[in-house]
Amino acid sequence: MKFRNFKLVGYVIFGRGAFNQLDEIIAPHRKGDAPMIFFVDHFFEGNQPFVSRIPLRGKDKVVFIDVTHEPKTVYVDRLRDELKAEFGEVSGIIGIGGGSTMDMAKAVSLMMTNPGSSADYQGWDLIKKPAVYKVGIPTLSGTGAEVSRTTVLTGPTKKLGMNSDYTPFDQIVLDPELIKNAPVNQRFYTAMDCYIHCIESLEGTYLNAFSRSYGEKALELCQEIYLHKDVWDDDSDEKLMMASYAGGMSIAYSQVGVAHAVSYGLSYLLGTKHGVGNCIVFDKLEEFYPAGVKEFKQMVEKHQVAIPQHITKGLSDDDFEKMIDVSMGLAPLWENALGKDWQQQMTRDRLRKLYEQL
């Protein structure tokens, strides 16, 4: 039997106001006059009180990351080329934002040291050289991007992560103050990414006690803040931040499942954002996760959040084929959900019918 020897995040700091320690945390990792580059979610562009807290030194630079669409390989390559042209080398990249911003920070960090295009590394263990120093600071919680060994990218032919031991952050800063004023709908969609991680992990064939321990705790936290509490408060922010961390850890030894496999196809074709895409799909997965979908619908109703419907209406046969191709390429997700004979169970015809329901 062969067990996965997986890479964890190097350092973790958690607590209200932890962001204020960023300067001292990154100081030992500065290399001469090579700058630290701060990738900041464009949500904060024009928010001077927040941006002014970023500890800039010397040639350091803030780059606002456009997360209107999910990260694309061409965007990663362009940012890498611009940084190399301007600075040659950088000391590190710090991603401040939601999952897309953190994924961009991981991806560009990797591409500062690895040749070619980021599209060349979409898959498992294709990265050969360590990245530059990288830090993840979530301002939305739920994706688990802060702890995962992947950076999800849409390339010319597929949506697939750069999954490797070189991908996890060297440092993460978990400061619940930073997620306090997140837009309600956005917070819900991202939190449900965590909830769905847990359901898919806990009901998957890859499950072991390591994954179950983290997954059960993350699920319990999601249920507490989205079903049992009536007011969103500071305690909710703290628990959601830890649910995201634990949910991300739960899939380190496990995998996600049907919702993620199907939503990747939506994202590739329609540009649907990851959190809302998972919600759109999970809403229709009673046959796979009956208890989880029932509870999900209760959360949607309690928090009065709209889940988009009929988004695949009017798509062409070619469009459906593209989505099916992307989804079918995610073999580990399907195997975790359905077992080793998943290809006999999830035929292209069955998957087409599922996409038509969305």
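Predicted model: local features only at pLDDT ≥ 70, side-chain atom pairs only at ≥ 80, totals over all residues.
Trainee: Thanks! At what angle do H3 and H4 pack?
Mentor: Helix H3 (residues 73–87) and helix H4 (residues 99–111) pack at about 55 degrees, and their axes are 9 Å apart. That makes H3 oblique to H4; angles under 35 degrees count as roughly parallel, over 145 as roughly antiparallel, 65 to 115 as roughly perpendicular and the rest as oblique.

Trainee: And which residues meet there?
Mentor: From H3 you have Tyr 75, Val 76, Leu 79, Arg 80, Leu 83 and Lys 84, and they meet Met 104, Ala 107, Val 108 and Met 111 in H4. Contact means heavy atoms within 4.5 Å.

Trainee: How many of those are nonpolar, polar or charged?
Mentor: The contact of H3 with H4 has 8 nonpolar residues, no polar ones and 2 charged.

Trainee: Switching topic: how many aromatic pairs are there in the whole structure?
Mentor: A search finds 13. Rings of Phe, Tyr and Trp (its six-membered ring) pair if their centres lie within 6.5 Å, with planes under 30 degrees apart counted as stacked, over 60 as edge-to-face and the rest as tilted. Tyr 226 and Trp 232 have ring centres 5.3 Å apart and planes at 55 degrees, so that pair is tilted.

Trainee: Are those two buried or exposed?
Mentor: Tyr 226 is buried, at 2% relative accessible area, while Trp 232 is partly exposed at 23%. Buried means under 20%, exposed over 50%, and partly exposed in between (1.4 Å probe, protein chains only).

Trainee: What about Trp 334 and Trp 342?
Mentor: Their ring centres are 6.2 Å apart and their planes at 15 degrees, so the pair is stacked. Trp 334 and Trp 342 are both buried.

Trainee: Which residues do ring pairs link into a cluster?
Mentor: Phe 6, Phe 210, Tyr 214 and Tyr 253.

Trainee: Last one: where is Phe 282 found, and what does it touch?
Mentor: Leaving aside residues up to four places away in sequence, Phe 282 touches Tyr 195, Ile 196, Ile 199, Ala 259, Tyr 289, Gly 292, Val 293 and Phe 296.

Key
Residues numbered from 1 in each chain as written. Heavy atoms only, no water. Axes fitted to C-alpha atoms, helices over the stretch in contact; angles between N-to-C directions. Helix = DSSP H or I, 4+ residues; strand = E, 2+ residues; numbered from the N terminus. Nonpolar A, V, L, I, M, F, W, Y, C, P; charged D, E, K, R; others polar.
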